Amino acid sequence: MKPVIDLAAEDATEAHPFTTAMREKIALRDRTCVFPYCTWPAHPYRRGVGSEETGWSVDHDHVVAFAAGGATSTANGAPLCRVHHNLKTHAGWRYRVVGTRSYLWSSPHGYRYRRDRDGGTTDLGHPRPPAPSPGDWPSRAEPLSTSIPAALGPSRRLRGRLPWERDRAPAPPVGDAAGAVGSAPPF
C-alpha cells in the first residue's frame, strides 16, 4: 500500500538526480510537460511487459540549473518532455516559476508565455525594444565615414569606395595638381 503524497510539502536532496518520490510528486503536481502549449503527460510507465522497472515519460528538470546553485527539490523541479528539455538546455529558451506554480517562459527571440497550473498557456507577446535616445543618433556634423558600421568598413569596400559610390567618377584633384598652373584660386 502506497503512502499518501502531500503535494504541498517540499522534498529536497543534496544529489543532482531527483529521487523517485520527488519525481512522482512533481508529475502529480504538474501533470504534463510545462512548456507552452505542450500536453505531453508526465507519468511513470513500466519498461516492458512483465518488467518491474519504471521509466518516466518526461525529464525532470531543475528550473534553476544545479550547476548554477539550484537545489534538487520539488520546488525547483519541473517536468519537460525530451524535445522541450533540449530546447531549454541547448536552444536558448528560459523559464522561471512565478506565483503559485505558473511558469514564465521566454524564447530566444524575446517572445514570452505564461504556463498556468491548469495547463493553459497565455501568450504575453514580444516586448517592444526601447526607442533610441537622441544621443544614440549620429550627428549631422559627424562625417559619414565615422557613422558607417564596422561591417562596411575598409575591408568590405569595393576598390576603396563604398558600394553606392562605385559608379561615380573620381573627384578632380585640387590645387596645383588640378592643372591650374600659375592661376590664382577663384576666391
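Which residues does V97 touch, not counting residues up to four places away in sequence? The legends below take up this question and then turn to other close-up views of the structure, which is a predicted model.

View 1. Apart from residues up to four places away in sequence, V97 touches V63, S102 and Y103. R114 lies 17 residues from V97 in sequence, and the C-alpha atoms of the two residues are 9.6 Å apart in space.

**View 2. The open sheet that contains β7.** Four strands make up this sheet in the order β7-β8-β9-β10, and their pairing is antiparallel. β7 and β10 (121-125) are the edge strands, each of them pairing on one side only. From one strand to the next, the twist averages 20 degrees. Within the sheet, β8 and β9 (residues 112-115) pair in the antiparallel sense over four bridges. Y103 stands opposite R115 of β9.

**View 3. The largest nonpolar core.** This core comprises 13 residues, and those with the most contacts inside it are V34, F35, L80, Y95 and W105. At least two residues of the core come from each of β6 (77-80) and β8 (102-106). In soluble globular proteins, nonpolar side chains tend to be buried together. The contacts of V34, leaving aside neighbours within four places in sequence, are with A78, P79, L80, Y95, Y103, W105 and R115.

View 4. The whole structure contains four salt bridges. In one of them, the side chains of D59 and R82 meet with an N to O distance of 2.7 Å. D59 has a relative accessible area of 14% and so is buried, whereas R82, at 53%, is exposed. A salt bridge also joins K88 and D61, whose closest N and O atoms are 3.2 Å apart. K88 and D61 are both buried.

**View 5. The salt bridge between D116 and R114.** The side chains of D116 and R114 meet at 3.0 Å, N to O. D116 is partly exposed because its relative accessible area is 22%. R114 likewise counts as partly exposed, at 30% relative accessibility.

**View 6. R31, a residue with positive phi.** Most residues other than glycine have a negative phi. R31 is not a glycine, yet its phi is positive, near 70 degrees. R31 is located in the loop between α1 (20-30) and β2 (44-46). With a relative accessibility of 46%, R31 counts as partly exposed.

**View 7. R101, in the loop between β7 and β8.** Although R101 is not a glycine, its phi is positive, at about 65 degrees. The loop that holds R101 runs between β7 and β8, strands that follow one another in the order of the open sheet. R101 counts as buried, because its relative accessibility is 14%.

Technical notes. Residues numbered from 1 in each chain as written. Predicted model: local features only at pLDDT ≥ 70, side-chain atom pairs only at ≥ 80, totals over all residues. Heavy atoms only, no water. Contact = heavy atoms within 4.5 Å. Core = buried A, V, L, I, M, F, W, Y, C linked by side-chain atoms within 4.5 Å. Buried < 20%, exposed > 50% of the residue type's maximum accessible area, 1.4 Å probe, protein only. Pairing = 2+ DSSP bridges. Axes fitted to C-alpha atoms, helices over the stretch in contact; angles between N-to-C directions.
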